[in-house]
Amino acid sequence: MPDADHEQTLVLAARSGDPAAVEELIRQTMPLAYNVIGRAVGGGPDVDDLVQNTMLRMLTGLPQLREPARFRSWLVTIAMRQVRDRWRDIRSLPEQLSPEDSQEHLLSDHGFEDATVLRLQLRGQRREAALAMAWLDPAHRETAALWWLELAGGLDREELADALGVSPRHASVRVQRMREQLDVARRVVRKLPAGEEAVCASFTSLSAEWDGRPSPLMRKRLFKHIRECEQCVEEDDELLPAKGLLAGLGMTPLPLGLSDPGLPSALSAQLAGYAGSEAGVGAGSTVPLHHSVGTGKILGAVGAVAATAAVVAATVLPTASERTVQPRAASASSALTPPAAQEPTQFASPATTAPQSAPTSPAPRHSPARQELPARVMKPVPVKGPLPQTVRSDYSVPADAIHVSVEGTDKGDGTVARPYRTPAHAFSQAPKGATVVIHQGTYRVGRTPILKPLTVQPAPGAQVWLKGSRVFANWEAQGQKWCTPWKQELPIPSYEEPSDYLLPAYPEASRREMAFLDGSALRQVGRESDIRPGTFAVQSGKGRLCVGDNPAGHTIEATTEAEGLTVWGERAAGTVIRGIGFAHYAETGLRIGAPRVVAESVTTVRNAVTGITVMRGRHDVTIRHSHMSHNGRKGVTAQQASRLVLESNLVSYNNTEGFRTAWDAAGVKITDTAEVTARDNYFLGNFGHALWLDINVNDATVVRNRFVANHQFGGFVEISRDAVLAGNIAANNGTGLAVANSSGIDVLHNTLSGNVTNLLVKENAGREASTVEAQAGATFRTSDIAVSGNLLIAPKTGTTKTGVRVERWPCSADAPMLSALDHNAYIQHPAAEGAHLGTFMPAGDSCRPTRLNSLDDLRKLHFERDGVQASGSSARTAVSMPERGDFSLPAGSPARGGGAALPASTARILDVPAGSSLDIGALSPSAMDRTAPGSAVPNRS
């Protein structure tokens, strides 16, 4: 057992920011994390990633570790959580896996066990005991991993129990049960290579199909036989106790990549370089800003572990100087024009406008005179009419491409003359790096895995849809309803309290079934007696699907599949999916479970839960030029997806099922992710938050997006830190931009108009970080929020009540909540009666709630020394036509040239010059008018 006093001293020093202590702590704890994780998952390509994530969470969580004496059990608990998350992901793996993929996607083979045998030079029964670990089920593998460390002197029984989350007595019971299964596994390991003469005939027959790798099926068959066969038990009566064999063996040494002797010095150099890189002061008036660019630029130079330490040490070590804002030359105007009529971006009633073909590239288009901006959506927007056109299909086709056609056969050869019939067969036959071209048509497919790097695209000019539904026939009239047999069983998630996630008006939201009449969605009801025209019900007990409309002469489709494409595993890294449509899936249309995947110009619409899912721990994913619209709960969801990029997408009308908007419904929701970039996207009419960065989303850059008519918040940063929200336009939302329980957030040069609250900064009361949240770095404290250069408009139409609302304000401008509130412009049209510049709600009784109606009121609180206000008649000429989306500043507008200056790093983000005077509001009009494909937001002439 390591010296507890020395370890505690090291933890305290690392927590205080000592670089040498951080380095030494990594050196001492990585073997522990590697052994826990490696033995629990059995090796394979995930181990290094899981070790890296564990070290990341260990270092980021150090400031919140209340009992340094319990550091070791706390670290092991983090590692075990990573393991359990990995098993949770595996349970959602594709079913159609070839045998050669079993190591990466199912239970591991002997990867870690072989390494243990080799590095510890094990022989005889010790070797058998080590290899037998690979045959344990996942729960017993976790216990075995901790037990081995206990035998090696790395843990005591109390720490083992803490890691399992049980009492020491219960932990002993688990260890005993694991040892019983381990003894059976040792017998299996001994017999499998022995040959027919050494084992009974039944065992030989059962193991004949074994492919050399442990698997759940073989474990079940062989373990059952071993337990029941007297001959096999008698042959193995000489087994020595596993505890005696493994005690004192020590931990498996680190692999070469994690034991590089040059790692410590390289890490120190990285940290030293970071510490001196943060200063930046320019001329002109200044506003303190937090760190605006993520620390991820220091990754990669010294290997995965050094990168982890460098990123995390930057959050543990004290930061350098504050950033500053500096003046820039006046910019031209910014404008926002509603998209042309098209299903994902419909402003008029979807039932009355026909879908149009999308452009083949994101080139801007011109439009007729501006129309009124749409009003905030107040309920889910129904799905009407046939599917829209997919975004793009003009990709060139390589000569050696693999072809798929609805008229093909899987007995073909994949050429254009003899194409395959199914995408799944094409993916399995295509060589690594190949392009798979799918020709015109609808392909009704279930979960279809991609397990190698491929490019998947439509044939030129083709509309390609992958659907999770099928057409139902054989309808029988039964009174005022029509019914057909139904045999599908789709999952219904269970939550602790339905009130947490369901709205009373939409009690069937959690049901995964969907039905469509000629493309239009039918509304699900819980009982057949509630069926009316436009509705349907599924009665699994009766085995039937019933609708309230006469199916004669119509096409009725109903969801039968949970998922569409699944890009899975390290071996699929670099896959590109482009130009394909996904619809009617019960869970998600496109699941990304591999790093460095690009989803380009895809269309994911009308899925019961999510359009695109980026799975836990899959990094460097890019989603661009795509449509995610009319999905049941979210357009995109992502977790632990570092360096995720969302660019030039249209995210509209999601949460059609009507989930509770404060729970998990959004256009896009991202959690526990570093270095997110969201730029040039259009978020329209989502029944919930448009872009929700929730819980430990750090170093995010949210620029030049448009948030229009969303029910809740446009851009929302919650329980996160170090983000830049700049150059965005938010109009007619519940709240334009919001920050809650977060720190180090820069809100710069946004245009916020017609929202009920244009800008919200708050701290929720009575909420402390859970252990998991604290380990991820969440503090639930709102601090260091810098608000500068924003244009806040209460137009003549709209429902704006407040420009800036601050909740749980500490009653002092010197308090850490708002580090800056200056250089903003407040425009109040005479028709916007009752709108306030600001509302400050105190945290306690030290001051009273304050409604602010003038700059003088704000200046009494020591804010807005250089702010601008236009009200009454002067507001009419301050901004062109905000109610029609034209936020340009006419000559003489008080917002012209009123902004502070930007440092070079922030100016680069906004694509504007640095160091000269600025207009207030969203900058870079050319960027603001960039068009998400198909959304028809034109350049101004």
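Trainee: Before we start, what counts as buried here?
Mentor: Buried means a relative accessible area under 20%. Keep in mind that this is a predicted model.

Trainee: Fine. Which residues of helix H9 are buried, then?
Mentor: In H9, residues 157-164, the buried ones are Glu-159, Leu-160, Ala-161, Ala-163 and Leu-164.

Trainee: What caps the N-terminal end of H9?
Mentor: Asp-156 does. One of its side-chain oxygens is 3.3 Å from the backbone nitrogen of Glu-158.

Trainee: And what follows H9?
Mentor: Gly-165 comes after the helix, and its phi is positive, near 75 degrees.

Trainee: Which residues other than glycine have a positive phi?
Mentor: Ser-601 is one of them, with phi at about 55 degrees. Ser-648 is another, with phi near 55 degrees.

Trainee: Where do Ser-601 and Ser-648 sit?
Mentor: Ser-601 is in the loop between strand E20 (598-600) and strand E21 (603-605). Ser-648 is in the loop between strand E26 (645-647) and strand E27 (650-652).

Trainee: Ser-601 first: buried or exposed?
Mentor: Buried, because its relative accessibility is 2%, and the cut-off is under 20%. Ser-648 has 8% relative accessibility, so it counts as buried too.

Trainee: Switching to helices. How do the axes of H10 and H12 cross?
Mentor: The axes of H10 (residues 168-191) and H12 (residues 216-228) come within 10 Å and cross at roughly 100 degrees.

Trainee: Tell me about Gln-181. Buried or exposed?
Mentor: Gln-181 belongs to helix H10. Its relative accessibility is 9%, so it counts as buried.

Trainee: What is Gln-181 in contact with?
Mentor: Leaving out neighbours within four places in sequence, Gln-181 contacts Leu-136, Asp-137, His-140, Phe-223 and Arg-227. Phe-223 and Arg-227 are also among the H12 residues that meet H10.

Trainee: On to the strands. What is the order in the open sheet of four strands?
Mentor: The order is E7-E15-E10-E11, with antiparallel pairing.

Trainee: Which strands stand at the edges?
Mentor: E7 (469-471) and E11 (520-521). Each has a single partner strand, so one side of each has no neighbour in the sheet.

Trainee: How many bridges join E7 to E15?
Mentor: Three bridges join E7 to E15, residues 556-559, and the two strands run antiparallel. Val-471 stands opposite Glu-557 in E15.

Trainee: Last one, Thr-484. Where is it found?
Mentor: Thr-484 is in strand E9, residues 481-485. Thr-484 is buried, because its relative accessible area is 4%, against a cut-off of under 20%.

Trainee: Which residues does Thr-484 touch?
Mentor: Not counting residues up to four places away in sequence, Thr-484 touches Phe-472, Ala-473, Asn-474, Trp-475, Gly-543, Arg-544 and Leu-545.

Trainee: How far apart are Thr-484 and Phe-472?
Mentor: They are 12 residues apart in sequence and 7.5 Å apart in space, C-alpha to C-alpha.

Trainee: And which backbone oxygen lies 2.6 Å from a polar atom of the Thr-484 side chain?
Mentor: That is the backbone oxygen of Ala-473, a residue that is also on the list of those Thr-484 touches.

Methods:
Residues numbered from 1 in each chain as written. Predicted model: local features only at pLDDT ≥ 70, side-chain atom pairs only at ≥ 80, totals over all residues. Heavy atoms only, no water. Buried < 20%, exposed > 50% of the residue type's maximum accessible area, 1.4 Å probe, protein only. Contact = heavy atoms within 4.5 Å. Polar contact = N/O pair within 3.5 Å; in protein donor to acceptor, adjacent residues only side chain to side chain. Axes fitted to C-alpha atoms, helices over the stretch in contact; angles between N-to-C directions. Pairing = 2+ DSSP bridges.
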